[in-house]
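Please consult the sequence and the structure shown here alongside the text.

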Amino acid sequence: MPTVTRQDPSESSTNERVNVLITPLPIPPPVDELKALTRSKRLFRACTGIDVRALRIETDIEYYLFMDMRYEGRWASFSMTSCKWVTVTAEYNAKLAEKLTGTEANIIPKNPRALIDKLGKVEALVIDKISHNDYSSSRGSETFWRKHCAVVSLSKSEAEPSNPGEKKRKVQTCGRCRQVKYPGGVGSKGNHKKQYCSDGVKPKDGTDFSPEWPQPPGIFTSGAHFHPVAFLTTLREMYETTVMNDGRDVVVDMEYLAFANLLAVVYFQRS
Ligand SMILES: [Zn+2]
C-alpha cells in the first residue's frame, strides 16, 4: 500500500500524489476485540474513547435481556430517574457479562444512554401495538408482546381514543430526555412537564442551547431559571470527587457526565 505524507518532497508529481490519495484506504489490522466495528465506528472510538456498541442494544441476547429486565423491574420512562438508570445499567451489564462469558462475543458494558434510548423505542412500540390491537411478533405469535404490553400501564389515553373513529395520535416522546410525554392522559402527574424535563431544563430553546439530560438537581428549574449557587456547589463537588480524588473509586454518574458536557460547551463557546 503506497503511503503519502503531508509534505511530499516531490512537488512536481502532483498526479502521482492524487493517485495515491484516491486509492482505497487499507483494511485496519485484525484486532480481535475490534473486528465487529466498521472503520467509521473505529474512528469514532479513537476520537471519543467511546465504543459505539456501548451506546446501543443490538444483539438478540442484549435485547431479550433488556426486555426481561424491563418486565421484572416494570421500567417506565416516566418513573425512572438518573440514579435509577445508573443502578439498572450496572445490573444489566453484570447480567450481560454473565450471559456472554464463555461465548466468543466481546463484553462491552453499556452506557445508560443505550438503555434509555431502547426504553423510549420499546414504549412507543408498546403503545402502538396496544392502540392497533396488534400483538403479533415477527414469528407470528402474540405471547411475547401481550406479556410485555401488559406489564406497565403507559398511556391509557393514547391507547383508547375517546371517540370511535377518532384518529389515534402518534406517541410523543421528548427528544431530550426520551420520556413518553403523556403517559397518564390529560392532567396526570406522571406526564412530562410542558416547559421542562425532569432536571428543570427546557427541552428546546430557540435562543440558547439545551444542555444534555440529566443535569444535576437544583441548577435549572421550570425551564426558565438558572441557579448559580447550585451550579458552583455542583462544580466544587465534582472537582472534589474526581480531580482531588486522583481518579480513585470514582463513579461518574449520568448527572456528572451531562454537567461536564455543559461545562465543555460553555468553555468552547467562550474560547
Ligand atoms: Zn424531556
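**Helix faces, packing and a buried glutamate**

In helix α6 (residues 143-150), the buried residues are Trp145, His148 and Cys149. They lie on the same side of α6, because the arc that they cover around the axis is only 100°. The model is a predicted one, and the points below are grouped by topic.

**Helix α6 and its surroundings**

- The exposed residues Thr143 and Ala150 are carried on the face of α6 turned away from its buried side.
- The packing partners of the buried residues of α6 are α3 and α5.

**Packing of α3 against α5**

- Two packed helices are described by the distance between their axes and the angle between them.
- For helix α3 (residues 60-73) and helix α5 (residues 112-132), the axes come within 11 Å and cross at roughly 75°.
- Angles of 65 to 115 degrees count as roughly perpendicular, so α3 is roughly perpendicular to α5.
- On the α3 side, the contact is made by Tyr63, Phe66, Met67 and Arg70; α5 contributes Leu115, Lys118, Leu119, Val122 and Val126.

**Helix α8**

- Helix α8 (residues 228-241) has 14 residues, which at 1.5 Å a residue should span 20 Å. The C-alpha atoms at its ends are 20 Å apart, in agreement with that expectation.
- Ala230, Phe231, Thr234 and Met238 are the buried residues of α8.
- Viewed down the axis of α8, these buried residues fall within an arc of 100°, and therefore line one face of the helix.
- An α-helix has 3.6 residues a turn, so residues three or four places apart point the same way.
- Val229, Leu232 and Arg236 are exposed on the other side of α8.

**Glu255 in helix α9**

- Glu255 belongs to helix α9 (residues 254-270).
- The relative accessible area of Glu255 is 17%; buried means under 20%, so Glu255 is buried.
- Glu255 and Ser82 are 173 residues apart along the chain, yet their C-alpha atoms are separated by 7.0 Å.
- When neighbours within four places in sequence are left aside, Glu255 is in contact with Ser82, and also with Pro214, Gln215, Pro216 and Pro217.

Note on methods. Residues are numbered from 1 along each chain as its sequence is written. This is a predicted model: local features need pLDDT of at least 70, side-chain atom pairs count only at pLDDT 80 or more; totals for chains, interfaces and linings use all residues. Side-chain values use heavy atoms; hydrogens and water are left out. Helices (H or I, at least four residues) and strands (E, at least two) are DSSP runs, numbered from the N terminus. The expected span of a helix is 1.5 Å times one less than its number of residues. Buried means under 20% relative accessible area, exposed over 50%, partly exposed in between (1.4 Å probe, protein chains only). The arc is that of the directions from the helix axis to the C-beta atoms. Axes are lines fitted to C-alpha atoms, for helices over the stretch in contact, and angles run from 0 to 180 degrees between N-to-C directions. Angles under 35 degrees count as roughly parallel, over 145 as roughly antiparallel, 65 to 115 as roughly perpendicular and the rest as oblique. Contact means heavy atoms within 4.5 Å.
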